[in-house]
Amino acid sequence: MSDTTPPAGGSATPQDGDWSDRLFGGFRKTSERLSGNLAGIVGGNRLTDAQLDDLEDALIISDLGPRAAARIRERLAEERFERDADERAIMEVVAREIADILRPVAKPLDIVAFPRPQVILTIGVNGSGKTTTIAKLAHLFQEQDYAVMLAAGDTFRAAAIGQLAVWAERLDVPIVKGPEGGDPASVVFDAVKDATEDGTDVLIVDTAGRLQNKRELMDELAKIRRVLGRLNPAAPHDVVLVLDATNGQNALAQIETFKEVAGVTGLVMTKLDGTARGGVLVAAAEQYGLPIHAIGVGEKIDDLRPFDPDLVARVIAGIA
């Protein structure tokens, strides 16, 4: 997924089996990397300290992060294997522990705001797939029979405004936009006003992804929050950070920064299909505990979905 506008055309809601197949395909590189890194580590009914060290190192270089790796190591150290600890038996334990890490954070974006609309600010660095993710979230909400509106609050890039407008047309949803270089808070003000008058359920706001000047971005987001607060004191209801999984551990640094700058309330992770670094999903869950609302495993309009943590854990471990 990228911030370029893909070819026209979508598809129907994926069936469960179809989505499972996409998950397998999306995480294939990640599971192959993890299996490759763990290959050759076998033991008796208990693993030795040296084997546990090797396992922990393998998990870290598979992008699961030091915290998750230490947690999984501890679990493996406690495990008494009925038969010798072969690769399959070890991966079963790894999958169970990954599922325990992911379960508390696998939370879809629920539309519960009253009065409407529920305002979702989307943030993320340029190139993370933010614009396309907004379109995919809009499509997801449409499937749930919610009325959706978009707001082009990234006024610093004409391309971002243009891409969002193309998506709005394809999805047949209204969009509020302003001129390039205009005031983002003014665009958001108009959008909330229109969405409230129209009875719109969900307003998804694009914002600038410039981290070069954190103070400037913080000031801009603070102004948007003030404007929102005048119209709807509960808004924004969600501040969703879009992360590119291909960035691996750098994605974690973005969480840290945007938590400080923007008060992130949840995550969407994209481009899991294009990387062997999908373990960063587990690292983010263990390190930050923020809700992960959806994951992206492809280019199609319906390739962004909430996820089943148990299934994803087994897919990452290569044993689903």
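1. Ground rules. The model is predicted, so local features need pLDDT of at least 70 and side-chain atom pairs count only at pLDDT 80 or more, while totals for chains, interfaces and linings use all residues. Residues are numbered from 1 along each chain as its sequence is written, and side-chain values use heavy atoms, with hydrogens and water left out. Helices (H or I, at least four residues) and strands (E, at least two) are DSSP runs, numbered from the N terminus.

2. Helix 4 against helix 10. Two packed helices are described by the angle between their axes and the distance between the axes. Here helix 4 (residues 87-102) meets helix 10 (residues 280-288) at about 55 degrees, and the axes are 9 Å apart. Axes are lines fitted to C-alpha atoms, for helices over the stretch in contact, with angles from 0 to 180 degrees between N-to-C directions. Helix 4 and helix 10 are therefore oblique to each other; under 35 degrees would be roughly parallel, over 145 roughly antiparallel, 65 to 115 roughly perpendicular, and the rest is oblique. The crossing of helix 4 over helix 10 is left-handed, meaning that the near helix is turned anticlockwise from the far one by less than a right angle.

3. Who touches whom there. Helix 4 brings Ile-98, Ile-101 and Leu-102, and helix 10 brings Leu-281, Val-282, Ala-285 and Glu-286; contact means heavy atoms within 4.5 Å. Sorted by class, that makes six nonpolar, no polar and one charged residues. For the classes, Ala, Val, Leu, Ile, Met, Phe, Trp, Tyr, Cys and Pro are nonpolar, Asp, Glu, Lys and Arg are charged, and the others, Gly among them, are polar.

4. Helix 11, end to end. At the start, a side-chain oxygen of Asp-308 comes within 2.9 Å of the backbone nitrogen of Asp-310. Along helix 11 (residues 309-317), the buried residues include Val-312, Ala-313 and Ile-316, where buried is under 20% relative accessible area, exposed is over 50% and partly exposed is in between (1.4 Å probe, protein chains only). After the helix comes Gly-318, with a positive phi near 75 degrees.

5. Two cis peptide bonds to look at. Most residues other than glycine have a negative phi, and most peptide bonds are trans. Phe-114 and Pro-115 are joined by a cis bond with omega about 5 degrees, and Pro-115 sits in the loop between helix 4 and strand 1 (118-123). Ala-235 and Pro-236 are also joined by a cis bond, with omega about -5 degrees; Pro-236 belongs to the loop between helix 8 (214-231) and strand 5 (238-244).

6. Asp-63 has phi near 75 degrees and lies within helix 3 (residues 49-78), where Asp-63 is buried at 4% relative accessible area. Asp-172 has phi near 60 degrees, but this residue is in the loop between helix 6 (158-171) and strand 3 (175-176) and is exposed at 67%.

7. Ser-62, in helix 3, is buried at 2% relative accessible area. Not counting residues up to four places away in sequence, Ser-62 touches Arg-33, Leu-34, Asn-37 and Gly-279. Asp-84 is in the loop between helix 3 and helix 4 and is exposed at 55%. Beyond its neighbours within four places in sequence, Asp-84 contacts Gly-43, Gly-44 and Asn-45.

Technical notes:
Polar contact = N/O pair within 3.5 Å; in protein donor to acceptor, adjacent residues only side chain to side chain.
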